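Me: Please take a close look at one helix-to-helix contact for me, and set it in its surroundings. I would enjoy one connected account with the cut-offs spelled out.

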Amino acid sequence: MEAVLPSPPRTAPGTSEALKRLTMVPSASPLSSGSGSKVASRESRTTESPGLASVRSAGRRWRRLHEQCMMGKLMEMRQQKKEHDKLDKDNARKMARKIPVEVLAKEWLKENEADVDVRAYLVDKVLPTLILGCEKLLNEVDKRGLAEKDEVEPNFNPINFLAKYLMRNNPTYSNFSEASPYVRGLREVSEQLRKELFKMEDNRLARIKADVKRRQEERDKLEKMKQAERVRRMNIFMSQFVDWTDSIDGRLELTLVQSALRSFQEVISSYPEELRSAAQFSQPLEKTDETGIKVNIKEFSKYMQHFTADMPTDIFDQFLNHLRRCATAYRDAVNQEERRIILTNLFNSCDHSGIGLLDRHRVLQLFEQFWDGAREPHKNKLQNPRRWPVVEVEEAEEGYSEEECDDSMETQESDKIKEETKKTAESSTATTQAPLGDNATEAVAPQMMQKRKASLFDATVHSSHAHGALAGSVHVPDSIPEAVEEGVDEDAKPSQSNTGAGSVSFADGTVYEREKLVIGLSITSCSQSQASAFDECSLNVSQFVQLTETFLNERPPKDLFELLTKYLKEQYMETEEEKLKRLVKARQEAISAKRKLMINDLFEKWDNDGSGYLDQDEVESVMLLYKDGQEAEAIHIACDRLKLHSEYVDVRLSKREFRDLLEMIVEDMPGPDNFDNFVEFLTNRVERSFAERIRGEARKKWLQQIVTAGETGGSSMEPIYKAVFQALYKDAESHGGGKRISANIAMLEKNTTQPSRGDVALRYVACTPEDAEFVLGKMLYKDMPGVSFAAVETGKPIHVPRVSNHGNIQFWNPERTVKEGSFIVVPLKDRRKRVFGLMGIDTLTDPHSKAIFITHEIQFFQGVAKAFSIAYHHVDIRKKLLRITESAISWIYRRSPHMNEITMYLVEPDGKEFDYVLRKMMTTDPKGAPHTFEPPPKLERKDNLFRDYLFKCVDNSETISADAYGERHLAIPLRNEVGKAVAIVDIGIGELKKLPVHENREVQRMLKLLQMAHREITKELAGEEKTMVLEVEKDEDTRVDVMFDRLMLMELRENVSKLDSRSYSELRSYNEPPRVVQDILKAVLSIFYLEQAESGEFDDWTNVKSYINADLSQKIAEYDPTASEVLIPAEKVMDLLKDVPHGAVTKHGSVPAQHMYNWVFVCLSLIEHTRKMRENSQGNVLADSNDDTDAEAQEGENTAGDEVESQVEGETQQAA
């Protein structure tokens, strides 16, 4: 019922206006409420007029009418809603009658995954008739009773029946099916589908929606799987945490976790490319923590999950196996660290002299005695000290034996030692007895033990470096602390200091006590990671701990460990004579080191501009002022002796020559303390202004950066070139008046391509950026006019103050129009002061009219040249070592098939003077082929806790055997002349604990030759003459490639020359020799008599025997496989040895046959090297002969027509 809203009553015009004004009055503000509003209302009621009352009554009527109207509308809406609900109920009742039909109609498409248009076609064209046909068919089957029969009814074919029905009830010609409720339901479904199709544009939206839905379902399914996998991995990581800490409440250092992750990246580097990409972490690794953060079990799991979230399951399982290995290594390291602390305390208690060294031979002797007297259960758990698992390469056997010494030979050796010990026991001042049983032997006298060589030892991976501070060798600080000097009281009363049984006592204040203080301070002040030098006669604390752990093997029983430490503590003794000798030696080393530091400081102070040289005449004139010329005779004699012993004609003194001169002068001076007084006098005579000192400090810093670039550049020259040019730029800006300079570096090479233009040439290998297009790679020949070759021949800098006034200048850059400026060439010299290149600097790009180099700048350029020489030769020796190592690796793989991998590391400073790093330079693939890294990756100690055996090898400078990532590794150091490790050869042998006997012997032999090659190139760098044995070694590049083979050849020559007549009689004694021996001798004879071998003469053993004599040995000793013009075809000789494996030769046991077998292979290798070298040289000549015309037209260098050497100071004065 619709409510009628009555119209409001009429009002007067004034009333309507008042009502309008009333409706426009704003509502009262909240601030006006309260008592104030009430007072206002009362005042308004008392003061309002009668007209306002009528207005108020009209407003009330309008409001009442408005409310009535709204109530009517609400009632109407309520009635409409009731009617709508009633209609819905009626529809629901009607729908309830259709539910069976609707459900059955929609049931056909419930599980159908087809898109909308396909379903619409099925509902409209197919299903209405087909469903009724199927119903009719089923009724017919029931009528005939065929459902219960197993036999086929021959008179009824259901397919024909259904086809007949479909043809008779074709919806195109008949609407009979429309009466079926199924069809009516399908028609409704079809209508709904048509509406959906009508709303979609070509059904693309349906496909998109379906695809989106399918993808969403797949994503949900995948997300559920990922979530389940994350939960599973989280639980696995929690269990892994217990493997690390043995407790769920423990905490683990984050550094260990990060190191384990980094080590897995190293493991997957050997995977195939597909697996390597799949095994990458989800996030890049963070920088290794150095703050000591520790994580609990939840933090550990979350941290690991962060990096392994996207890792496949199979790779994840491998990652878990890797973590288990790391956890096992960590637990072993924790247990090992406890033993190391005890062993360190044991070392301190045995070090009676207090200098931080023990006698290596005596320690080895005590190990042998302990092993001899140990009971059987303990002996089985100890390493036989006479059979260390790995020996030093210097101790590798030169000869060949069938097998290692058996137990009977070992017993005979032990008995022989006992007999010799009894003979020398009476004369020995200190004897020891092993309290382990009747089998204990007495101590071997020091004279005998000096004959024993040091041994190599086994080690397990550990991550603690708590004892690294004592790992260094004896080191003397730059100066003795004042506190120590003042603490020495020459008049102090003698006091005894007991250091144990048989100790030596000295009075307080003696030089020995003072030296002990100096050494003690130096040891405690050493860096924790300082690498120590190898000494075959002594052990420092780190080497002692390592040796003892090797003797105890891995995981020794607690009672055995305590028994050994107690035994060593009681039995290790030193005689007073030995202690005195050790203290005297330490004192001499300390004094020598202190003097060296004082002389170096004096040299640096004198050489303020860093030229690297001092003028000998100037130095001599200052020295003659000492004691008013009283020591002039000693100074003149020393200077004359230095000139006689010097191999070079030069009036300048290098740092080493300056040090030798001072030591010779002090030796000829009478009286004590001459050295300190003389050096103090010379130091006081050198006066430098504040500006000069500041300039000198800056320049020495830049020069040191050049040397450091060579040491830390990974055997690359690019950092050195960059450091050189940066030093020149900085000096020109700071101390050269802001000059703009250009610089270049040229290397001296043999001119093999165009010998008519001179025997040597200069190749420009580096230059500043502005000249790179015109200078880099150019060749300068002798027939070109210039001053460069004059500087090469004289070995002195040549300075052209004004290029424009020279008259005969050629420019590499033809576009340069401004030809004003100064030019200087500085020779680059090696240790023997031989020129190997030039460094050129010019100011042709400087806009100033006077840009001339002055004296202190030229001296600095000489210092840059020397720093470059040091860095260049440091890189050069490492490159040569890598090339030689490549040859050694190929030989090792030939002789030892059990090798899994060989990796070469170089030791470098870390650039912060705190530690060292390792550069991974070379490794082998599964086939044994070496591959170099460019750039080589850097290994730091803090990032590689689970490859700590590499750093222990450097720390101790000794060979170490260790397990890493489930594989056995042998780390062999290559040492420099002072015994410190400069490189490491890391050999992986897989799951084997040690190599077979013959393979281990061959590996040790190859590494010994590699060490010899390293020493040879190091001595050449130090100034010694080169060793050339073969004809092919006349070429420097080829010489390095064949050096390893040449060393093998020399060793085999020596071994063959040692064979006596009995050895050859052994070979001739065969009536029918083994096939191996006959094939080896045929190969040897074919090298000398190839025609007879091809004719088959050596197939008869009688003919072969006639050649086995001393003449054959002489031929082998003198044969040079590279000297012949026509090289022997190596493949023909190899055919004779194709059926002779190396292992069969070793097992056969014939020493002459094995020597000859190795000799043949070395000769064939050298022949192949020579053939390749000759082919390459012929190819280069042919290629360069076509470019002769172009080479004649090359541009010259900044040269002068007259080869005039100018004195530096005179040139500068003339230019001024």
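**A helix pair and its setting**

Reply: The protein has 42 helices and 20 strands, counted as DSSP runs numbered from the N terminus, with helices (H or I) of at least four residues and strands (E) of at least two. Before we zoom in, please note that this is a predicted model, in which local features need pLDDT of at least 70 and side-chain atom pairs count only at pLDDT 80 or more, while totals for chains, interfaces and linings use all residues. Residues are numbered from 1 along each chain as its sequence is written, and side-chain values use heavy atoms, with hydrogens and water left out.

Now to the pair itself. Helix H11 spans residues 313–350 and helix H18 spans residues 541–552; their axes come within 9 Å and cross at roughly 125°. Those axes are lines fitted to C-alpha atoms, for helices over the stretch in contact, with angles running from 0 to 180 degrees between N-to-C directions. H11 and H18 are therefore oblique to each other, since angles under 35 degrees count as roughly parallel, over 145 as roughly antiparallel, 65 to 115 as roughly perpendicular and the rest as oblique.

On the H11 side, Gln336, Arg340, Leu343, Thr344, Leu346 and Phe347 take part, and they meet Val541, Ser542, Phe544, Val545, Gln546, Thr548 and Glu549 of H18; contact here means heavy atoms within 4.5 Å. By class, this contact of H11 with H18 holds six nonpolar, five polar and two charged residues. In that scheme Ala, Val, Leu, Ile, Met, Phe, Trp, Tyr, Cys and Pro are nonpolar, Asp, Glu, Lys and Arg are charged, and the others, Gly among them, are polar.

Cysteine 350 counts as buried because its relative accessibility is 3%, buried being under 20% relative accessible area, exposed over 50% and partly exposed in between (1.4 Å probe, protein chains only). Cysteine 1163, at 0% relative accessibility, counts as buried too. The structure holds zero disulfides, a disulfide being a pair of cysteine sulfur atoms within 2.5 Å.

Among contacts with a separation of 6 or more, 73% come from residues 24 or more positions apart.
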